[in-house]
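Please keep the sequence and the structure in view while reading.

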Amino acid sequence: MPKDATPVESDGRRQRTERSRSAIINAALELIEEGVLIATAQQITDRANVGIRTFFRHFEDMGALAQAVDESIRGQYEAAMLDADRSGTLEERILHAVERHAEVYEQNYNIILATTAQRWRLEVLQQNYARVQKGLRKDLDNWLPELKTIASSQREAIDAIASFEMWHRLREHQGLSVKTCIEIINGLLLDLTQSA
């Protein structure tokens with residue numbers, strides 16, 4: 001065997017390893033997007049077209065996979081929250097904040113539901129959820145600096161109204177359209193901020 005064959009084989013092995021890992025992450029995301037909120041390792045490997053042993057060579061458990069999935073999409077949803085013109089009157093900024101949150105919630109609907117469904121058993125999802133909640137609160141502060149001067153009870157109500165949980169209730173349980181949900185949340189936030 002020629003001396004230079006080993007690095008080529010090593011590169012090929014590394015590329016196959018990276019492809020397998022990416023295929024597993026993508027398969028997990030595809031299943032979530034299709035509504036399989038708690039996919040098994042077997043379902044994921046079947047979708048990724050890899051063996052179950054390959055799954056566990058890359059991820060020691062489902063928590064490690066959840067972390068990898070989050071890392072693969074985090075930049076996308078964080079960028080969506082940051083990329084916005086935050087100028088205008090209070091009323092305009094509230095509406096734009098609600099519209100931006102609605103867009104992010106809709107784009108990540110099943111991912112958020114999957115996180116909620118598994119958060120009780122995976123510490124990494126508990127940490128990710130807490131980080132996202134803190135980020136959403138900070139995002140509202142950036143949209144609406146006026147929130148820093150209102151009573152804490154009103155601020156907590158604003159966070160609850162702007163939450164995914166509220167969005168989900170309106171969309172799923174009450175069957176309302178995106179437009180109607182935006183109108184409701186916008187109206188509630190306007191009422192709270194103007195009464196402060």
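Leaving aside its neighbours within four places in sequence, which residues is Leu144 in contact with? In this predicted model, Leu144 is in contact with Leu90, Arg93 and Ile94 once those sequence neighbours are set aside.

- Leu144 is found in the loop that runs between helix 7 (123–143) and helix 8 (152–161).
- Although Leu144 belongs to a loop, this residue counts as buried because its relative accessibility is 2%, where the cut-off for buried is under 20%.
- Between the C-alpha atoms of Leu144 and His168 there is a separation of 23 Å, the two residues being 24 residues apart along the chain.

**The cavity**

- When the whole structure is searched for cavities of 30 Å³ or more, 1 is found, and the space in the largest cavity comes to about 60 Å³.
- The lining of the largest cavity is made up of Ala97, Val98, His101, Tyr105, Leu140, Ala162, Trp167, Ile185 and Leu189.
- Sorted by class, the lining of the largest cavity comprises 8 nonpolar residues and 1 polar residue, with no charged residues.

**Helices that supply the lining**

- At least two residues of the lining of the largest cavity come from each of helix 5 (90–107) and helix 10 (178–195).
- The most is given by helix 5, which contributes 4 residues to the lining of the largest cavity.

Technical notes
Residues numbered from 1 in each chain as written. Predicted model: local features only at pLDDT ≥ 70, side-chain atom pairs only at ≥ 80, totals over all residues. Heavy atoms only, no water. 1 Å grid on protein atoms, 1.4 Å probe; cavity = no way out; pocket = protein on both sides within 12 Å on 5 of 7 lines; lining within 4 Å. Points joined across faces, edges and corners; volume = space filled by probe spheres on them. Nonpolar A, V, L, I, M, F, W, Y, C, P; charged D, E, K, R; others polar. Buried < 20%, exposed > 50% of the residue type's maximum accessible area, 1.4 Å probe, protein only. Contact = heavy atoms within 4.5 Å.
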